[in-house]
Structure formats: structure tokens, C-alpha cells
Amino acid sequence: MVDRSVLKLVVMMPLRRVVDELKPRALEILKGVSPENAIGVAEIARQLNIAWTTAKILLLELELEEKIGCIRTPRGDMYYGRVEPK
């Protein structure tokens, strides 16, 4: 019989590593998104094929790093890509 604790270690990747690996993909998705067309956490989660909570953590980190923008709405937080100054 297989020890389930060992199996969990093999299958599960630490959240920190998952978030770090997904940041470039999330930035690519949000690159062309303007504040007028901001998209929600659920859409990012769907496009990255990850859980909503993981997507929320990822987007909050990117917002704290000032790589993306966020608009607070009654529907929830909506995210968009920031235009980098030249």
C-alpha cells in the first residue's frame, strides 16, 4: 500500500512556487486590458486553469508589486494591465 503522506508531497506543489510560475502568464493576459475593460478574478482563473483563490492571491501580489491595476466595484475587484512609462 502507498503511503498517502508521501503521495501528497509528490503531487502538490507549494503555493508560493505556483504563484511565481504563473505571474508571467497572468501579466500576458492582462497586458492589453484597459481599465474600461478590466476583467475579474474568475476570468483569470479560467484562462490560467487554476482555482479562484489561487488566482486572487496571484492578482493581489501583482497589484502590490504595481505591475497591474485594480478597480474596486460592487461586483468585486476588476484587474487591468498597467502601461509602463517609456
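Biologist: What should I know about the model before we start?

Modeller: This is a predicted model, so local features need pLDDT of at least 70 and side-chain atom pairs count only at pLDDT 80 or more, while totals for chains, interfaces and linings use all residues. Residues are numbered from 1 along each chain as its sequence is written, and side-chain values use heavy atoms, leaving out hydrogens and water.

Biologist: How many helices and strands are there, and what pattern do they follow?

Modeller: The protein has four helices and three strands, running α-α-β-α-α-β-β along the sequence.

Biologist: What makes α2 and α3 oblique to each other?

Modeller: Helix α2 (residues 15-30) packs on helix α3 (residues 41-48) at about 120°, with the axes 11 Å apart. Axes are lines fitted to C-alpha atoms over the stretch in contact, and angles between N-to-C directions run from 0 to 180 degrees. Under 35 degrees is roughly parallel, over 145 roughly antiparallel, 65 to 115 roughly perpendicular, and the rest oblique. The pair is therefore oblique.

Biologist: Which residues make that contact?

Modeller: Arg25, Ala26, Ile29 and Leu30 come from α2, and Ile44, Gln47 and Leu48 from α3, where contact means heavy atoms within 4.5 Å. By class that's five nonpolar, one polar and one charged. Nonpolar covers Ala, Val, Leu, Ile, Met, Phe, Trp, Tyr, Cys and Pro; charged is Asp, Glu, Lys and Arg; the others, Gly among them, are polar.

Biologist: Why is α3 called roughly perpendicular to α4?

Modeller: α3 and α4 pack at about 110°, their axes 8 Å apart. That angle makes α3 roughly perpendicular to α4.

Biologist: What meets what there, and how do the classes divide?

Modeller: From α3 you get Val41, Ala42, Ile44, Ala45 and Leu48, meeting Trp52, Ala55, Lys56, Leu58 and Leu59 of α4. The tally is nine nonpolar, no polar and one charged.

Biologist: How do you know whether Cys70 is buried or exposed?

Modeller: Buried means under 20% relative accessible area, exposed over 50%, and partly exposed in between, using a 1.4 Å probe and protein chains only. Cys70 has 19%, so Cys70 counts as buried. Cys70 is found in strand β2 (residues 68-73) and touches Glu63, Asp77, Met78, Tyr79 and Tyr80, leaving aside residues up to four places away in sequence. Cys70 and Ala38 are 32 residues apart in sequence, yet 8.1 Å apart in space, C-alpha to C-alpha.

Biologist: What fraction of the protein counts as buried?

Modeller: 34% of the 86 residues.

Biologist: What makes the phi of Asn49 worth a look?

Modeller: Asn49 has a positive phi of about 60° although it is not a glycine. Most residues other than glycine have a negative phi. Asn49 lies in the loop between α3 and α4 (52-64), and with a relative accessible area of 70% Asn49 is exposed.

Biologist: Where is Glu66, and why is Glu66 called exposed?

Modeller: Glu66 sits in the loop between α4 and β2. Its relative accessible area is 59%, so Glu66 is exposed. Glu66 also has a positive phi of about 60°, again without being a glycine.

How values were computed. Helix = DSSP H or I, 4+ residues; strand = E, 2+ residues; numbered from the N terminus.
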